[in-house]
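The sequence and coordinates come next.

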Amino acid sequence: MEWLRRRAACVDEDPDLFFPVGTAGPALRDTSAAKRVCAGCPVTPECLAFALASGRTSGVWGGTDEAERVALLRLTNRHAPTHDEMHVRTTK
């Protein structure tokens, strides 16, 4: 996570901002504020890729909240070829 320590916009922010507790009121405001930090971050794509690959289930990562990452993973998994499909492609 060297990219995080050197270039991430969140490095000097309060980590609690990126891990709000709950899904209403102050938690929604913190999530929005965290996403605004991510919007100006030069490593947002790397952060999101890290969160998806490592299964980060809480917090704001790469400008996404938990529900958005779950949706991205579902979409990615739905379009990913199965083992059998990969075998057919490589044997033709």
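What pattern does the protein chain follow, read along the sequence? The pattern is α-α-α-α-α.

## Overall fold

The model described here is a predicted one. Its protein chain contains 5 helices and 0 strands. The chain has 92 residues, of which 26% count as buried. About 6500 Å² of the protein chain is accessible surface, and carbon and sulfur atoms account for 57% of that area.

Contacts in the protein chain can also be sorted by sequence distance. Taking those between residues at least 6 apart in sequence, 41% join residues at least 24 apart.

## The second largest pocket

The second largest pocket holds about 170 Å³ of space. Its lining consists of Pro-20, Gly-22, Thr-23, Ala-27, Leu-28, Thr-31, Gly-59, Val-60, Asp-65, Glu-66 and Ala-67. Two elements, helix H2 (26-39) and helix H4 (66-79), each give two or more residues to this lining. Which element supplies the largest share of the lining? H2 does, with 3 residues.

Sorted by class, the residues that line the second largest pocket are 5 nonpolar, 4 polar and 2 charged.

## Val-60, a lining residue in a loop

Val-60 belongs to the lining of the second largest pocket and sits in the loop between H3 and H4. Is Val-60 buried or exposed? Val-60 counts as buried because its relative accessible area is 6%, and the cut-off for buried is under 20%.

Leaving aside residues up to four places away in sequence, Val-60 touches Phe-18, Thr-31, Ala-34, Lys-35, Cys-38 and Arg-69. Of these, Thr-31 is also listed in the pocket lining.

Helix H3 covers residues 44-54, and Thr-44 lies in it. Thr-44 has a relative accessible area of 18% and is therefore buried, as the limit is under 20%. A polar atom of the Thr-44 side chain is 3.2 Å from the backbone oxygen of Cys-41. Not counting residues up to four places away in sequence, Thr-44 touches Cys-38, Gly-62 and Gly-63. Cys-38 is likewise one of the residues touched by Val-60.

Pro-45 and Glu-46 are also placed in helix H3. Why does Pro-45 count as exposed? Pro-45 counts as exposed because its relative accessibility is 58%, and exposed means over 50%. Glu-46, at 36% relative accessibility, counts as partly exposed, since that class lies between the buried and exposed limits.

The C-alpha atoms of Pro-45 and Gly-62 are separated by 6.1 Å, at 17 residues apart along the chain. Between Glu-46 and Gly-62 the C-alpha to C-alpha distance is 7.3 Å, and these two residues are 16 apart in sequence.

Definitions and conventions: Residues numbered from 1 in each chain as written. Predicted model: local features only at pLDDT ≥ 70, side-chain atom pairs only at ≥ 80, totals over all residues. Heavy atoms only, no water. 1 Å grid on protein atoms, 1.4 Å probe; cavity = no way out; pocket = protein on both sides within 12 Å on 5 of 7 lines; lining within 4 Å. Points joined across faces, edges and corners; volume = space filled by probe spheres on them. Helix = DSSP H or I, 4+ residues; strand = E, 2+ residues; numbered from the N terminus. Nonpolar A, V, L, I, M, F, W, Y, C, P; charged D, E, K, R; others polar. Buried < 20%, exposed > 50% of the residue type's maximum accessible area, 1.4 Å probe, protein only. Contact = heavy atoms within 4.5 Å. Areas by Shrake-Rupley, 256 points an atom, 1.4 Å probe, with all protein chains shown as cover. Polar contact = N/O pair within 3.5 Å; in protein donor to acceptor, adjacent residues only side chain to side chain.
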